[in-house]
Amino acid sequence: MNFDFSDDQKQLRDQARKFLAEKCSPKAVRVVLDGKAPYDKELWKGLAEMGFLGVAIPEEFGGAGAGHLELCVISEEMGRANAPVPFSSTVYLAAEALLIAGSDAQKKKWLPAIASGDAIGTLALFEGKGNPSPKNVKLTAANGVLNGVKKPVADGAIADFAVVAARNGSSGRDSDISLFLVDLKAGGIEVKSLTNLDPTRGQAEITFKDAKAEPLGAAGDGWSILTQVLDRAAVLCAFEQVGGSDRALEMGRDYALDRIAFGRQIGSFQAVKHMLADMYVSATLARSNSYYGAWALSTNAAELPEAAAAARISATQAFQHCAKNNIQVHGGMGFTWEFDCHMYYRRANAMALGLGSLSYWEDQLIDRMRKKNAA
Amino acid sequence: MNFDDTPQEAEFRATARTWIGANAPKQYEEELRKSSLGRTVLKNADILEVAKAWQKKKADAGWACLHWPKEYGGRGSSPIERVIWQQEEGPFGQLSRMFIIGHGMCGPTMMAFAREEHKRTYLPPLASGEKVWCQLFSEPAGGSDVAGLRTRAEKDGDDWVINGQKIWTSGAHYSDYGILLTRTDPTVPKHKGLTMFFLDMKSPGVEVRPIKQASGASDFNEVYFTNVRIPDHQRLGEVGDGWNVSLTTLMNERSAIGAAVSTGFPELFEYCSSLMLDDGPAIEDRAVRSKLANWAVKASGLKYTSMRAISALSKGERPGPENSIGKLVAGSMIQDVATYGLDLQGASGVVSGPEDAELAGRFQAMLLRAPGTRVEGGTDEIMRNIIAERVLGLPGDIRVDKDVPFNKIPTKGRG
Ligand SMILES: Cc1cc2nc3c(=O)[nH]c(=O)nc-3n(C[C@H](O)[C@H](O)[C@H](O)COP(=O)(O)OP(=O)(O)OC[C@H]3O[C@@H](n4cnc5c(N)ncnc54)[C@H](O)[C@@H]3O)c2cc1C
């Protein structure tokens, strides 16, 4: 047994952390936060040059072919830096869907473009209120075109292509759902940006009017592919959340050491110490659950569905917990736009919803544990 | 990152499994499995006798205290082999709870501070369960504030003479030896005047009085010392260095207890899987599922945190203060899980007898034992202090007694 990242993987983490510290300072994040750019283009290019966008994409498709453990390591750093780039939608969702279900031609077309930073991808799944469920997919596919509205679509306003979940049957079964690849720059697409909790990662509404689409994977396989994509993304997002949790904890700790009240460092008050200790506890539990998810993801283990749900829940809770208490430790300063605390608070709460909310994943976890126990 | 056994680990596992299969006291397996929480009791046998017999059998075949050196009665195993053993030992591992203080705390302290001849004399019978040890630290005046203890040790020739009182001493009523923290100099600040010893619990002047606990059981005791003589060669560490020595014990205590605390989650999940509520199966109820999911990720988080710690250990890293999280999280979790298990039982949850209660009264037993878990081996608050100060580097609490001679520190809060 060896339940840790390897030395090479840790080296990669250091490299990513150093790179992001330089290229993705809070000041850089604020350019996007303040609405002066839809995402950090230069950072995106830099990430591509470092090989980070294609780290888990096989070499034959233009990637580094390193693997998913390496991607986990990078994801953690993306979360720690609160990077304002469409990393999760492109790399965890679009690229993974292509890897799982894409034809050779589709992979050849999009994966190298993702790895080089030339294409931004996303997953168009949600249609208003509700969590991932075949029932909630109303957008229709017929005769090679899509009709309907997707919202919210993460990074939808800047994406070049989308993996779209559509209905092409009325049997009432999961097999009514199929996936399609859509070039968002082609005709029949209308995109509207939506105001959202976390402006460092945009959300959009996309209207499809007889939009041309090519099938991704076999007809009727859509839901089973999506489930796999969401599970894999849950682990990768968990690492971003762990990175964010750690950063929020660190910010709180540093402030508690600097700020003086009643003639003492506020970090010497037990109420504050204990709040920070509890942040450490939730971040640690989340990290450990995520490591297990990383193992399951990288080995494609049968445990992946359960491990992914556990990592998702644990990391979502930890990031929300650390982000909100980081503000509390900072007092009034924490509630200013000027301090960075709210960037993590926004990101934590936006990420808590992106792949489906906590209650959805709680249901998934219990269903999966039951299935395992029954087996 | 992998969970596979290496070829050596696989071989170790196979050997352990075969040996356990052939030697474990199988007649108690079912009972041990069922009483995995709250309290381990055997209906028709003395648990201490059963535990001692199993430990002795293990020791004779080289399976006792796996990570201890061979010359002290151990096996010299790697931390991972220790985990493999625990996995294979299964419910029989519960029998070693009787020895957790001796094996987890007293043994390591002896190894670090006793003379070589004492280690060779006292450690093998401790490892084999023939002799049981207890830890005599806490006093009415010094629990969280261990260094506030008042039991005196005074030098008299080659001996030390002990007078005072300990409290909450687990297992003292069946212990053969104990490690004892005393005050040898009350005129210096409290941390500087302490000295550690080990002693024979049958020494004249030692009196053990069991205390009835809130749970109804009597696992801990008061221990009174009246002119008890301990030879100087049984001193552990230097005179006045007892605080340092006790830190070794306390560090080990955190990992030993932390690793042993159960969360109650597997039991609750199993219970909910078959329980019918008024409007359907519990496991299909939204509120139940949400609770279960929240505890599931805590339980798995703890499990994988300890696996990470073991991986670090096996690479030669030392166990650190981060081990405090196990007991901190599991302690309140088991209390909450038990409360919820009873809530699900409705009004009948109040019945607690093993014969009449649901699930043989396991949640009731857990509920009544849980408050102790949150106190023993350092309270939740002390655990949080440790994490805040030693892991996160926050300032220590303000100590008003820091530079004050011990005998000048006030002893009562209100007049
Ligand atoms: C089941 C059980 C078994 C035990 N076994 C043993 C044993 O074998 N050997 C042994 O030596 N001892 C043993 N103990 C004693 C145990 O270590 C002490 O009870 C424990 O350390 C707490 O000390 P106390 O009881 O004096 O509580 P106190 O220290 O009086 O604590 C009372 C309250 O004050 C809080 N408090 C105290 N100091 C601080 C602080 N600095 N900051 C914040 N809050 C604080 C505590 O958290 C607690 O809530 C056992 C206890 C139990 C319950």
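Predicted model: local features only at pLDDT ≥ 70, side-chain atom pairs only at ≥ 80, totals over all residues.

Residues are numbered from 1 along each chain as its sequence is written, chains are lettered from A and ligands numbered from 1 in the order in which they are written, and side-chain values use heavy atoms, with hydrogens and water left out.

**Chain A as a whole**

Select chain A and colour it by secondary structure: there are 11 helices and 10 strands, where helices (H or I, at least four residues) and strands (E, at least two) are DSSP runs numbered from the N terminus. Along the principal axes, the C-alpha atoms of chain A fill a box of roughly 75 × 50 × 40 Å.

Now colour chain A by accessibility: 59% of its 375 residues are buried, where buried means under 20% relative accessible area, exposed over 50% and partly exposed in between (1.4 Å probe, protein chains only). Among the contacts in chain A with a separation of 6 or more, 73% join residues 24 or more positions apart, a contact being heavy atoms within 4.5 Å.

**The nonpolar cores**

Next, show Leu47(A), Phe87(A), Leu146(A) and Phe208(A), which touch the most other members of the largest nonpolar core, a set of 167 residues. Such a core consists of buried Ala, Val, Leu, Ile, Met, Phe, Trp, Tyr and Cys residues joined through side-chain atoms within 4.5 Å. Helix H7 of chain A (residues 222-258) gives the most to this core, with 12 residues. Apart from this core lies another, of 28 residues, including Met110(B), Tyr122(B), Trp133(B) and Ala256(B).

Which residues surround Phe87(A), leaving aside its neighbours within four places in sequence? Its contacts beyond those neighbours include Trp44(A), Phe52(A), Leu71(A), Met78(A) and Tyr92(A), and also Ser75(A), Arg201(A) and Glu240(A).

**Ala271(A)**

Move to helix H8 of chain A (residues 270-299), where Ala271(A) is found. Ala271(A) counts as exposed because its relative accessibility is 62%.

**Chain B and Ser332(B)**

Select chain B, which has 12 helices and 10 strands. Its radius of gyration is 22 Å, close to the 22 Å that the globule rule gives for 415 residues, so chain B is as compact as a globular protein of that length. The C-alpha trace of chain B spans about 75 × 55 × 45 Å along its principal axes, and 50% of the 415 residues count as buried.

For the last stop, centre on helix H10 of chain B (residues 324-344), which holds Ser332(B). Is Ser332(B) buried, partly exposed or exposed? With a relative accessible area of 21%, Ser332(B) is partly exposed. Beyond its neighbours within four places in sequence, Ser332(B) is in contact with Arg374(B) and Asp380(B). Finally, the C-alpha atoms of Ser332(B) and Ile382(B), 50 residues apart along the chain, are separated by 14 Å.

Methods: Rg over C-alpha atoms; globule rule 2.2 N^0.38 Å.
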